[in-house]
Amino acid sequence: MAREATKKRQTTEAHDEKRNEILRHCATLFDRVGYHKASMQMLADEVGLGKPTLYHYFPSKNAILFAMHDAHMSALLAGLDEEGGSDDPLGRLRAACIDILRQIAEHPGYVRAFMDHYEDLEGKMRDHIRAQRNAYLQRVRGIIEQGIANGHFRPCDPGLTTLGFLGMCNWAYKWYPPLAKRRPPEDVADAICQPFFEGLSLKGR
């Protein structure tokens, strides 16, 4: 029984790793030719697989797009979980910014697909990603509301402040990839967050 369980786990891990490899190649193609111009045959050629084999891993191009969205959002939500026990709202926002920048640095194709092609998701896949996006937005808003309540942040509109913060972080997908090898996420997060945090923090703390 133990041998069978080990074999099954290894098979699942190999399958998941192959899926991740396929996603990395597909993201590269989406970046190069655009999502709408990429066909399943082009994607199969990019990965080095026959088209029937590609269909074994992903039933459609939209399923590939969904998997990129899901991987990105799952990583960001997991990052919030890791910082969930902290009572330092500035530290938690900084960590959230670092997570976004790290995703941009390590998976620029995923992030570009996420930013540019959310509207191309269909049906239940789009509903799932919308729920993830809303959950993430509400959790970041909760950090800001906590900061206001405990006196770390000046009184402000938490909804608009959340949108402003995430807009600042997410827009880095346009300019950060070429800099990523020279400027680590922590360095860039400190540089772009400092003016925002100085405006958000109460003076004389």
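1. In this predicted model, helix α7 makes the largest contribution to the lining of the largest pocket, with five residues. Helices α4 (61–82), α6 (108–116), α7 and α8 each provide at least two residues of that lining.

2. The largest pocket has a volume of about 330 Å³. Its lining comprises 16 residues, and those nearest the pocket centre are Phe114, Arg133, Leu137, Leu166 and Asn170. By class, the lining consists of 10 nonpolar, four polar and two charged residues.

3. Two of the contributing helices, α7 and α8, also pack against each other. Helix α7 spans residues 123–149 and helix α8 residues 158–170; their axes lie 9 Å apart at an angle of about 120°. The crossing of α7 and α8 is right-handed.

4. On the α7 side, the contact involves Tyr136, Leu137, Val140, Arg141, Ile144, Glu145 and Ile148, which meet Pro158, Gly159, Thr161, Thr162, Leu163, Phe165 and Leu166 of α8. The residues of this contact comprise nine nonpolar, three polar and two charged. Leu137 of α7 and Leu166 of α8 take part in the contact, and both are among the residues nearest the centre of the largest pocket.

5. An unreviewed UniProt entry lists residues 16–76 as "domain: HTH tetR-type". In the model, this span is 80% helix and 0% strand, and its end C-alpha atoms are 19 Å apart.

Terms used. Residues numbered from 1 in each chain as written. Predicted model: local features only at pLDDT ≥ 70, side-chain atom pairs only at ≥ 80, totals over all residues. Heavy atoms only, no water. UniProt positions renumbered as here; feature names shortened; annotations may be inferred. Helix = DSSP H or I, 4+ residues; strand = E, 2+ residues; numbered from the N terminus. Axes fitted to C-alpha atoms, helices over the stretch in contact; angles between N-to-C directions. Left-handed = near helix turned anticlockwise from the far one by under 90°. Contact = heavy atoms within 4.5 Å. Nonpolar A, V, L, I, M, F, W, Y, C, P; charged D, E, K, R; others polar. 1 Å grid on protein atoms, 1.4 Å probe; cavity = no way out; pocket = protein on both sides within 12 Å on 5 of 7 lines; lining within 4 Å. Points joined across faces, edges and corners; volume = space filled by probe spheres on them.
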